[in-house]
Amino acid sequence: MTSAALIEDKHVAFAVELADVARAVLRENRLARVDVSVKADRSLVTAMDILIEDRLRSMIAARYPSHGIIGEERDWVRPGSEHVWVLDPIDGTTAFIAGMPVYGTLIALAIGGVPHLGVIDIPAIDSRWIGAEGRRTTRNGQKVSVRSCPSLAEAIMTNSNQDYLAQNERPALDRLRAATSARVYGGASLNYGLLADGRTDLALDGGQKVFDFAPFRPIVEGAGGIVTDWSGAPLTLESSGQLLGAGDARVHAQALDLVKDMKSGSAVSANA
């Protein structure tokens, strides 16, 4: 069986069902007071995060009881299974709390530890990217493609949050700041949807956990781009959380030359 055959129409349809439910919950409760708690790692969580994740987990357990589940807010279930669903109920929780429209839901299906199906759903701007290996990535049902960009000097770069970079990772961002044409900060997972859309050229992030990045590989690759860790290795469920995405392989290679010698040091583990 080829890797493209690992993802079936039923998997894509179910991922859409999950995204629809998450979006409906967000819309139904968009005017409700946001109850915020601080987790042990000092990140923020709302009752909405937990409500969405619980609903999605229930749907997965009912449809695919043998599949594993990795989620941000609850204990992982059979993470070593051949099929594992990865959930971030609200990616960009701080943006959600602050009312900034870049938050969304991330859903991925990994097979054999590799994400083969991904969804980025950003309800505030009515945008949903779906990527599945062997298929062209779509945004709201329309096929999308990355854009050509021959050099870093012409590239627009994004970074989700500089605070997530460990001290020894910051030189990588500084090097790319100096080499690129323009930078945009914030955006969370929206950055990788826009990369697939051909609106930006390069994305650099560090300190990400597996539920923060699992959908990016099928979405970016399905649009003709590339996303790896800082050593150039393709993303898996075991990746370090150091992300380097590009629409053009030439820009990725140039950026990789600047960041690949950055040691992982205190980078956050994907299994933290």
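Colleague: I see Val119 standing opposite Ile130 in strand 7. What should I know about the model before we start?

Modeller: It's a predicted model, where local features need pLDDT of at least 70 and side-chain atom pairs count only at pLDDT 80 or more, while totals for chains, interfaces and linings use all residues. Residues are numbered from 1 along each chain as its sequence is written, and side-chain values use heavy atoms, with hydrogens and water left out.

Colleague: Okay, what makes strand 6 and strand 7 a pair?

Modeller: Two strands pair if DSSP finds at least two bridges between them. Strand 6 (residues 114-122) and strand 7 have 6 bridges, in the antiparallel sense, so they pass. Strands here are DSSP E runs of at least two residues, and helices are H or I runs of at least four, numbered from the N terminus. The two strands form a hairpin with 4 residues between them, and Asp126 in that turn has a positive phi of about 50°.

Colleague: And how do you know that strand 7 pairs with strand 8?

Modeller: The antiparallel strand 8 (residues 138-139) is joined to strand 7 by 2 bridges, and that meets the cut-off. Trp129 stands opposite Arg139 there. This hairpin has 5 residues between its strands, with Gly134 in the turn at a positive phi of about 90°.

Colleague: Why does Asn191 count as buried?

Modeller: Its relative accessibility is 4%, which is under the 20% limit. Asn191 lies in helix 5 (residues 190-197). Beyond neighbours within four places in sequence, its contacts (heavy atoms within 4.5 Å) are Thr158, Asn159, Ser160, Gly186 and Thr200.

Colleague: Last one: why is helix 4 called oblique to helix 8?

Modeller: Helix 4 (residues 170-179) and helix 8 (residues 249-259) pack at an angle of about 135°, with axes 9 Å apart. That makes them oblique, because under 35 degrees is roughly parallel, over 145 roughly antiparallel, 65 to 115 roughly perpendicular, and the rest oblique. On the helix 4 side, Ala172, Arg175, Leu176 and Ala179 meet Ala255, Leu258 and Val259 in helix 8.

Technical notes:
Buried < 20%, exposed > 50% of the residue type's maximum accessible area, 1.4 Å probe, protein only. Axes fitted to C-alpha atoms, helices over the stretch in contact; angles between N-to-C directions.
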